[in-house]
Amino acid sequence: MLNRNSRNIFRFLTRPFFHHQRNSFLLPSSTPSSQFTSVTGFDEKYCTQLHLQRNIIPTELKVFSFFNPLRNFLKTRQLGVGIPHHKCYGSMGGVVQRSPRFSELNDDDVKHFQEVLGEKNVIQDEDKLTAANTDWMHKYKGSSRLILQPCNTDQVSQILKYCNSRGLAVVPQGGNTGLVGGSVPVFDEVIVNLSSMNNIISFDKVSGILVCEAGCILENIMSFLDNEGFIMPLDLGAKGSCQIGGNVSTNAGGLRLVRYGSLHGSVLGVEAVLANGTVLDMLKTLRKDNTGYDLKHLFIGSEGSLGIVTKVSILTPPKLASVNVALLACKDYSCCQKLLQEAKRKLGEILSAFEFLDSQSMDLVTKHLEGARNPFPTSLHNFYVLIETTGSDESSDKQKLEAFLLGSMENELVSDGVLAQDINQATTFWRLREGIPEALIRAGAVYKYDLSIPVENLYNLVEEMRSRLGDAANVVGYGHLGDGNLHLNVSVPQYDDKILSQIEPFVYEWTSKQRGSISAEHGVGLMKANEIFYSQSRETVQLMTSIKNLMDPNHILNPYKVLPHSITS
Amino acid sequence: MKIMVAVKRVIDYAVKIRVKPDKTGVVTQNVKMSMNPFCEIALEEALRIRESGLASEVVAVSMGPSQCIDTLRTGLAMGADRGIHVEANYSLYPLSVAKILKKLVEIEKPRLLILGKQAIDDDCNQTGQMIAGLLNWPQGTFASKVVLDKEKQVATVDREVDDGIETVCLNLPAVITTDLRLNQPRYATLPNIMKAKSKPIKKFTPEELNVEIKSDLEIVEVTEPPKRKSGVIVSSVDELIDKLKHEANVI
């Protein structure tokens, strides 16, 4: 009974158990090789592709307006074809067909890969294939028969060069924690898994610039940086599994965006391999570099459809000594909004997170996650807001935060609140917010929507959806209020096309009307490839297609995703 | 009835501990400090007893540098009625703490003294037992359940012992030290944080209490536990057997 080391015992007994949740997939890779293929060789392909591409964009498309996009068109045109092959329950999954342009994998291919990568990095094990073919939510399932695990950039380059010449489709995969079916094969694509490329290459303590391979797990980078006195500019629920290459390729947002901005700002350079095997060395460690087009941005958020990110350089902020977390209860959504305005003014530079969840989300977490309890047992509240401050001086930060909180109570923006007194309590509060996706998975099937909507109208969608679906589903809303990012989740006992047809396209149309985005931080993936017109104009998508054709003329990289299927297959 | 609770300010249990290079102790500068988790449990138990009507007042005591006031404020925000701070800018070991507590008990005259079973920084697990000895009060240590009988003036305490639960009956006044499973401490709510600001904290020094602080023990060296070696994944059965034979020397 006398615990020799009670600190550890206590830690063990009370440790939180997150890991695994949201966002992101893609890849990374490692070492040498940065030969640049001549720009002319590139040009030829570019020209032919431009021609090709004009044919690809169907002329009928022009009759479809921005608000009433491709979906109907595709339905009428493709549903009739009948698709015995379909794999997914998400949007449009039912109408994807394997593109005839891709070759089938054969034994010679496997042999070739074994020569390039060594036998143990060419995986055909059934269990591993099942895991790699299935996404985290068990919503999308591919039928790939091969996982390749390159150990360096050169190997990635050789893989892609070969696949490109053979016409083999490839899906890059990192931690496979994505939520839009972007990180799993749709059919029999070869999976290129970057997990073995997990070295930290360099860290500059003066500038805080980290260079690492794409397969580094976010949480491992975080603990490495923690020892150096720095933090990652992004943090998300899936940190225990997701990889930095996937984070960059999906432009993952997460919990610190309100403070440190998006990865388009923090990523200073990437090394990426193009479909034809060309290695692009853009691994700069400079904050300023105005020389020509900033092409690294093409790889941030393009979900592996333009190239495979193999290395990343990231600007990391210093770890500040004082972190405070408060969980507040609000009676209605307008209070949450006013609270956000106040927080921006009164907390200013120390505000590092402003998250909200509704009472339905709170109920889910407390019901399904072990050890989670509502800190306000005595009364019911409609909304909860989690505020985190990060600063350099504990006493002044605390003073500021307390003054803000007490002021908000007096103004009745907040009906109750708790302020974490130690790190354990702070972790517990975060767990209530970060644990929602996990709780949703435990509750059954879930339709997830990740939307950017002007803050003012953000919660109206949840209410409308609730009245639309009635008792058939549990509709919950939570998200990054500070970024205008709503996570709308519809929890149902099992996936059901009838319910899906009530949600989509309504949710996209609604968002589009508000000039919002149908994907704030999760990406497009397979789930929303055909819905991209709700958020992007025809001209924009056309340019995206041209870029895709230029960089991946055979469309072997992550096919059926990001861009509408009619255009890319 | 009055309850006195001792609360200690320690390095937050979630912080990674670093040993000073000269091995004289651990780094405490710029490190997050919080209330010892077992003390939180002790305070929570006192508050629950008061809320059930069996006690009228809860007094929280903390000893150490001026920042202990923060720890006391946390205690007051949880619900303690007032605080006592014994300011000492030097290390206090269990016997000294017990002696100071004895003086405070003589001043405050509580019927029940609740402490955490140990602090997570030094892991001494001595103070509760020492103060019970100095006061000649009965003690119920490692409590996982406490039931008070106001009429009979006894406390029934379930103790976590190696082979299960031992139940003891103590005549009040008594000393109780708390184990992890006794309760789940509450959070400090905003209204209570606000109220805590106006609650009184009385200040003493060991000299004022006529306690002579003698260092009865000396820390020779503080070292880190040996680092756990990371595992390796072997690629074949042969390699495993080879490693077991030649590296681990177990077969």
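These notebook entries record what I looked up in a predicted model with a chain A and a chain B.

**Entry 1. The interface**

I began with the place where the two chains meet. I found 33 residues of chain A in contact with 39 residues of chain B. The size of an interface is often given as the accessible area lost when the parts come together. For chain B and chain A I noted about 3,400 Å² buried between them, with 56% of it on carbon and sulfur atoms. Of the area that chain B buries against chain A, Tyr13(B), Tyr187(B) and Leu190(B) supply 27%, more than any other three residues.

I then turned to the polar side of this interface. Eight residue pairs are in polar contact across it, with both residues at pLDDT 80 or more. Helix 1 (37–51), strand 8 (154–161), strand 11 (188–189) and helix 5 (190–196) of chain B each supply at least two residues of the side that touches chain A. Helix 5 of chain B gives the most to that side, with four residues. I recorded the residues of this side of chain B by class: 19 are nonpolar, 14 are charged and six are polar.

Salt bridges between the two chains came next, and I counted two. One that I looked up joins the side chains of Lys197(B) and Glu402(A), at 2.5 Å from N to O.

**Entry 2. A sheet that takes in both chains**

Strand 13 (residues 416–419) of chain A and strand 11 of chain B run antiparallel and are joined by two bridges. Val418(A) has Thr189(B), in strand 11 of chain B, as its bridge partner.

This pairing belongs to an open sheet of eight strands, whose order I wrote down as 14(A)-16(A)-15(A)-11(A)-12(A)-10(A)-13(A)-11(B), with antiparallel pairing. Which strands stand at the edges? They are strand 14 (445–452) of chain A and strand 11 of chain B; each has a single partner strand, so one side of each is left without a neighbour in the sheet.

**Entry 3. A helix packed against its surroundings**

I listed the buried residues of helix 13 (residues 359–368) of chain A: Ser359(A), Ser361(A), Met362(A), Leu364(A) and Val365(A). These buried residues pack against several elements of chain A, including strand 10 (322–330), strand 11 (351–358), strand 12 (383–391) and strand 15 (474–480). Helix 15 (423–434) and helix 16 (436–443) of chain A are also among the elements they pack against.

**Entry 4. Salt bridges**

Side chains of opposite charge can pair when their charged atoms come close. Over all chains, I noted a count of 37 salt bridges.

I looked at Glu44(B) and Arg186(B), whose side chains meet at 2.8 Å from N to O. This pair links distant parts of the chain, 142 residues apart: Glu44(B) is in helix 1 of chain B, and Arg186(B) is in the loop between strand 10 and strand 11. Is Glu44(B) buried or exposed? Glu44(B) is buried, at a relative accessible area of 2%.

A second salt bridge joins Glu166(B) and Arg159(B), with the closest N and O atoms 2.6 Å apart. Glu166(B) is partly exposed at 36%, whereas Arg159(B) is buried at 12%. In a third, Glu224(B) and Lys227(B) meet at 4.0 Å from N to O. Here Glu224(B) is partly exposed at 45%, and Lys227(B) is exposed at 71%.

I also recorded a network of salt bridges that links Lys2(B), Glu57(B), Arg82(B), Glu108(B) and Lys202(B).

**Entry 5. Backbone geometry**

Most residues other than glycine have a negative phi, and most peptide bonds are trans. I therefore looked up the exceptions here.

The peptide bond from Glu504(A) to Pro505(A) is cis, with omega near 5 degrees. Pro505(A) lies in the loop between helix 18 (497–503) and helix 19 (506–513) of chain A. In chain B, the bond from Leu172(B) to Pro173(B) is cis, with omega near 0 degrees. Pro173(B) is in the loop between strand 9 (164–171) and strand 10 (174–178) of chain B.

Asn558(A) has a positive phi, near 40 degrees, and is buried with a relative accessible area of 1%. Its place is the loop between helix 20 (538–551) and helix 21 (565–568) of chain A. Phe142(B), in strand 7 (residues 139–149) of chain B, has a positive phi of about 55 degrees. Phe142(B) is buried, with a relative accessible area of 4%.

Methods. Residues numbered from 1 in each chain as written. Chains lettered and ligands numbered in written order. Predicted model: local features only at pLDDT ≥ 70, side-chain atom pairs only at ≥ 80, totals over all residues. Heavy atoms only, no water. Buried < 20%, exposed > 50% of the residue type's maximum accessible area, 1.4 Å probe, protein only. Contact = heavy atoms within 4.5 Å. Buried area = accessible area lost by both parts, 1.4 Å probe. Polar contact = N/O pair within 3.5 Å; in protein donor to acceptor, adjacent residues only side chain to side chain. Nonpolar A, V, L, I, M, F, W, Y, C, P; charged D, E, K, R; others polar. Pairing = 2+ DSSP bridges.
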